[in-house]
Structures are given as structure tokens and as C-alpha cells.
Amino acid sequence: MSGVLVVGGGIGGLTAAIALRQRGFDVDLIEREPEWTVYGVGIIQQANVIRAMAQLGVVDDYIHAGFGFSTVEIYAPDGRRLAVVPTPRLVEGYPSNVGIGRKALQKVLSDRAFGAGARIRLGVTVAALEDDGAGVSVGFSDGGSGRYDLLIGADGLNSQMRTTLFPEAQPPVFENQGVWRYNLPRPADVVSLHAFEGPRGIGLVPLSETVMYMYLTTPEPGNPRYQPEKLAQTMRDKLAGAAPRILALSELITDDDAVVYKPLESVLLEGPWHKGRCVLIGDAAHATTPHLGQGAGMAIEDSLVLAEELSRGGGTTDALARFQERRFARCRYIVEASRAICRAQVAGEPVDQAKATADMFKRVAEPI
Ligand SMILES: Cc1cc2nc3c(=O)[nH]c(=O)nc-3n(C[C@H](O)[C@H](O)[C@H](O)COP(=O)(O)OP(=O)(O)OC[C@H]3O[C@@H](n4cnc5c(N)ncnc54)[C@H](O)[C@@H]3O)c2cc1C
């Protein structure tokens, strides 16, 4: 096999392009958006992602672009520190967690994918697709066409490729919760994730020497739409009654345009993730709520495992089946354990964040 089309230039698509180029595959990648339009806030990633970034050959650029740390601090809703959870490293000499801006991560990955020789086109999507068993013929939205040995759908939560390949699949489910994120100046002592327990999850995540972000998860029954010009006030209101430190920081939430609010959805494709010469990776196959901070990590690991299985040969169908077999239980664990935290928070039930974090670290430390 040689020619692969990757549909979607997010975290999964770009890492797939890098991993496939490392193994000598010819890669075209198309991204629907005409520019890289990722949010200005950040995400948290853990030791397994740092291990994956090392395998992709981007770990130094990645760490340099973010903020590394190796403990997680757990706080009671009233602000008392309950635990400092050490988190095991998986790559010698590197931290076990990274907070990184989405734009910074996108730059690291897109620079490497371009540099590795993937042909990337922005503002293009799939207009027509036909898999005749010997190859996949694709018509593009810009009028062009191509023929490929494999198509990888890395087009995210609301995947067009998922609905095209598996029209009967269940769509994503709204989890009755939303997450609010805002960048703030980083106080000198926020050098690791500070996670506040309670029915609202609140956290502070360092992103760089000068910036951190605050996240806040809130029950959102009925999935309300919020007025863009009131987002800062709404986020501040939702923080009412939080720990004193959080309340003091909330005074700095003033720019409506800088508030990123997302209703939370999840989906797990229970059946095959592949059909013929097409396969889904990342959120297209298994989108999780962010309670364990592992959604992007699962997409990146998918990329490595898929490239490895494809390069082992033995036929595309077998390679895609082996790929899913290696990935399914791990991705299911992340989706279900994250949903459990989400649903407990929505129900106002206690959540043992320290245990959930320690369990997750143990599980994702296993080889991929
Ligand atoms: C609020 C929130 C917080 C999160 N926090 C974390 C965190 O802290 N840590 C973590 O690991 N994960 C986190 N995640 C999850 C993480 O963002 C996703 O798991 C990850 O982005 C999945 O990567 P992906 O490439 O599969 O999809 P995406 O990153 O969504 O990328 C899909 C890409 O495909 C493009 N596309 C879509 N349709 C088409 C089409 N038809 N044709 C071409 N291109 C198309 C999109 O424009 C996009 O660029 C969070 C998610 C949310 C919603």
C-alpha cells in the first residue's frame, strides 16, 4: 500500500500524517477549514501522550511549546488542598503532564506534518467517495479528485466520514454538562494542574511561563444557548460560591470573546471502525468528555497504532481489524470513565478525583 488520504487536519489527522510519513507512506491530508481555526485556550495531556510525542519525533518541540509538570494537586470545593498526586513519567527526562495551548499544539503538529512531506490542503473536503475494493476514488469539494489505497476519517466529533460509512451509527450524545474555559495570567505557584472537587469541576492549568487557563464544568440541562455578549458575566456567575482563590481570579474574566464555552458530547462507535478501505480514528470513532483529559491522547495513540499495523502488511482489512482490536478497550475505558465523572457531577454525587486520576494514569501507562 502507498497512498493514504487523511480527512481532517486536527490532532488525530496531523499525527496520522506524521506517523504514516515516518513509515514511508504517501500522504494527502485535507482540512475543511480554510485556516487552522483552533480555540485560543489549552488542553492537558499526560505521560502516555508525551511517550507518543516521543515516538512521533516531536517531543522537544512539544514540551517547549507547553508547560510540563509531574504532580496533580487536588483541592476541596472550599479551597483546602487535599492531596498532591505524583504522576509517573513514561519518558526519562521528561515531565508526566503538559498543559499546552491548542494553537501552539496545532503549530507543532502542522509544522512537522508539512516538514515530513505530507501534502496538506486547507479549505477542502470530500464531495464524493467510492470504494471499489481495489482502491478508494475521492472527488474533492474544490473539483479535484484522487485515488487512494486507504482513506482515514479524522474529522472529529461530528464526522462526515462516520455518517457516510456508518449511516446507522448512533450520533453523539449531549452529556448535560458544559465546559467554560478562560486564559488568565499564571500565578507563580500554579506549576501543576490544580483540580477542585465538587459538583462543578474547576481547574487551573499552566500553559506557559505567563499564562494558565481556568476550566469550569457546569450542569447544563436542556443544552441552553448563551448570548455571546454575556459570556464573561455568565462564566463569573457560574463560579459564584467557589473557593476564595477561584473567586478572586474570576474577577479577571471580563472579555466575552475570550470565553470558550462548549456543550459536552460523547460518542463511542461500538461496531467496526472500518469499512473496506476506509477507517475512522480519534473523535470520529470515540469522542470523550474531557474529564480525564485524554481525548486528544487517544487520537494520537490511534495514529501510531494504525501506522504500525499498516506497515506490518498482510492486507488492509486485516491491518484495520488489528488496529481496532488494539485500540477499542482502551478508548472505551476513557470514554466510560470520563462519562462516569461527568454524570456524577451532573447528579451532584461525590467524585473521587484523586482516585480517578491515579487509575487513569495506571491504565494509560500500559503499552499501546
Ligand atoms: C471542551 C473540551 C476540552 C478538551 N480538553 C481536552 C484535554 O484537556 N485533553 C485532551 O487530551 N483532550 C481534550 N479534549 C478532546 C480533544 O480536543 C479531542 O479528543 C481531539 O481534538 C480529537 O482530535 P481529532 O483529530 O479526532 O478531532 P478534531 O481535533 O476535532 O479535528 C477534526 C478536524 O477535522 C476537520 N473536519 C471536520 N469535518 C471535516 C470534513 N468533512 N472534511 C475535512 N475536514 C473536516 C475539522 O475542521 C478539524 O480540524 C477536549 C475537548 C473539548 C470539547
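I looked up W180 first. In this predicted model, W180 has 0% relative accessibility, so I noted W180 as buried.

Next I searched the whole structure for aromatic pairs. The search found 7. I followed one of them, W180 with Y261. Their ring centres are 4.3 Å apart. Their planes stand at 40 degrees, so I wrote this pair down as tilted.

Where do W180 and Y261 lie? W180 is in strand β13, residues 173-185. Y261 is in strand β17, residues 260-268. The pair therefore ties together parts that are 81 residues apart in sequence.

Then I checked Y261: buried or exposed? Its relative accessible area is 15%, which is under the 20% cut-off, so Y261 is buried.

I found Y261 in another pair, with Y226. Here the ring centres are 5.3 Å apart. The planes stand at 85 degrees, so this pair is edge-to-face. Y226 lies in the loop between β16 (211-219) and α6 (231-238). Because Y261 sits in strand β17, the pair ties together parts that are 35 residues apart in sequence.

I put the two pairs together in my sketch. Ring pairs link W180, Y226 and Y261 into a cluster.

My last entry is about a charge and a ring. Which ring does the charged end of R121 sit over? I found the ring of F140 there, with the charged end 4.6 Å from the ring centre.

Conventions:
Residues numbered from 1 in each chain as written. Predicted model: local features only at pLDDT ≥ 70, side-chain atom pairs only at ≥ 80, totals over all residues. Heavy atoms only, no water. Phe/Tyr/Trp six-rings, centres within 6.5 Å; stacked < 30°, edge-to-face > 60°. Helix = DSSP H or I, 4+ residues; strand = E, 2+ residues; numbered from the N terminus. Buried < 20%, exposed > 50% of the residue type's maximum accessible area, 1.4 Å probe, protein only. Lys NZ or Arg CZ within 6 Å of the ring centre and 35° of its normal.
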